[in-house]
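Let's take a walk through a protein model together. Keep the picture in view and look for each place as we come to it.

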Amino acid sequence: MLLCIDTGNTNTVFSIWDGEKFLAHWRISTDHRRTADEYFVWLSTLIAVRRFDLDINACIISATAPRVVFNLRVLCNRYFDIRPLVVGKPECLLPVEPRVDPGTKVGPDRLANAVAAFDRHGGHSVVVDFGTATNFDVVDADGAYVGGVIAPGVNLSLEALHMAAAALPHVDVTMPERVIGTNTVACIQSGIYWGYIGLIEGITRRIKQERDHPVKVIGTGGLAPLFDQGFDLFDAIEDDLTVHGLRLIHDYNKEMGNG
Ligand SMILES: Nc1ncnc2c1ncn2[C@@H]1O[C@H](COP(=O)(O)OP(=O)(O)OP(=O)(O)O)[C@@H](O)[C@H]1O
Ligand SMILES: CC(C)(CO)[C@@H](O)C(=O)NCCC(=O)O
Ligand SMILES: [K+]
């Protein structure tokens, strides 16, 4: 079984691939202080609940927070006796290299998104990923990541508003019926919701103008469905895009005799 670990700045997803399908996706908050032993206790508890044998013989990691990699490597070595592939490190091959400015370290989650989008939708696409950041990852005809956009994430914007303005409470993200709010909470919800609708519409329109080929827009991340209600923002929503990409990158390395 392959263990795919997608560490974002807020949450980390552990997914188990049995060679044909994902058996489970488990989520834990990202904390670089978490030790290998802590991860293992957590993992083995979840595996016991699901009653399948833990037979992990390969691991691939995407870490947008590089500090977590040390303890994840220890987890792999100590408990599974394997060396993980770490996306973005020179020893981890990619089906196509990204085409960006020299010296740019593209986020490994964006590299995985590009590989997954190319697999499911072919070239000429853009992934809109709603995580800690709201990032747009542009995929070329051959599947290469060729750049994109990084905007503050929805929950980050809400948090910033609440922290910086004494009179503004923390609110949940929902779709308000009307743009004009008649109370404080409704005003904030409107600013966030309609603000992000405008951001997604505006940025995808401009990305399409900059490309010389029609572009498919793929939404992913927990909040993608919320922004899809009644709007034509996305051609597809994929909830497991990043781990799907990790699985493909692992398989590619195996095919190439690497790891
Ligand atoms: N209506 C909602 N309001 C607030 N949060 C939501 C809502 N729906 C989903 N979420 C949250 O969105 C998050 C989506 O997870 P996702 O993996 O896409 O990004 P993340 O974990 O926040 O960021 P990162 O991947 O950068 O760590 C989950 O933590 C989930 O609890
Ligand atoms: C943009 C985020 C934060 C999205 O998770 C991550 O991919 C990242 O830290 N990227 C590094 C910079 C870049 O991708 O250009
Ligand atoms: K993510």
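This is a predicted model: local features need pLDDT of at least 70, side-chain atom pairs count only at pLDDT 80 or more; totals for chains, interfaces and linings use all residues.

Start at ligand 1, which has 13 residues around it; among these, Thr10, Asn11, Arg27, Thr132 and Gly222 come nearest.

What kinds of residue make up the shell around ligand 1? Nine are polar, three are nonpolar and one is charged. Now look at a few individual atom pairs. An oxygen atom of ligand 1 sits 2.6 Å from an N or O atom in the side chain of Thr132. On its own, ligand 1 has 630 Å² of accessible area, and the protein covers 64% of that.

Next, move over to ligand 2. Around it you will find Asn9, Thr64, Lys105, Val106, Gly107, Asp109, Arg110, Asn135 and Ile150. This shell is made of four polar, three charged and two nonpolar residues. Which residue has a polar side-chain atom 2.5 Å from an oxygen atom of ligand 2? That residue is Asp109. Arg110 also reaches ligand 2 with its side chain, where a polar atom lies 2.9 Å from an oxygen atom of the ligand. Gly107 takes part through its backbone, with a polar atom 2.8 Å from a ligand oxygen. The protein covers 73% of the 380 Å² of accessible area that ligand 2 has on its own.

Gly107 is in the loop between strand E5 (85-86) and helix H3. Asp109 belongs to helix H3, which runs over residues 108-121, and Arg110 is in helix H3 as well. Are they buried or exposed? Residues under 20% relative accessibility are called buried. Gly107 has 19%, so it counts as buried. Asp109 is at 15% and therefore counts as buried. Arg110 counts as buried too, because its relative accessibility is 9%.

Leaving out residues up to four places away in sequence, Asp109 touches Asp6, Ser62, Thr64 and Thr242. With that same exclusion, Arg110 touches Asn135, Phe136, Asp137, Tyr145, Gly148, Val149 and Ile150.

For a last stop, find Ser15 in strand E2, which covers residues 11-17. Ser15 counts as buried because its relative accessibility is 0%. What does its side chain make a polar contact with? The partner is the side chain of His25, at 2.7 Å. His25 is also one of the residues that Ser15 touches when those up to four places away in sequence are not counted; the others are Leu2, Leu3, Cys4, Phe22, Ala24 and Val243.

Note on methods:
Residues are numbered from 1 along each chain as its sequence is written. Chains are lettered from A and ligands numbered from 1 in the order in which they are written. Side-chain values use heavy atoms; hydrogens and water are left out. A residue is near a molecule or strand if one of its heavy atoms lies within 4 Å of it. A polar contact is a pair of N or O atoms within 3.5 Å; within protein, one must be able to donate a hydrogen and the other to accept it, and residues adjacent in sequence count only if both atoms are side-chain atoms. Accessible areas come from the Shrake-Rupley method with a 1.4 Å probe; for residues, only the protein chains shown count as cover. Ala, Val, Leu, Ile, Met, Phe, Trp, Tyr, Cys and Pro count as nonpolar, Asp, Glu, Lys and Arg as charged, and the others, Gly among them, as polar. Helices (H or I, at least four residues) and strands (E, at least two) are DSSP runs, numbered from the N terminus. Buried means under 20% relative accessible area, exposed over 50%, partly exposed in between (1.4 Å probe, protein chains only). Contact means heavy atoms within 4.5 Å.
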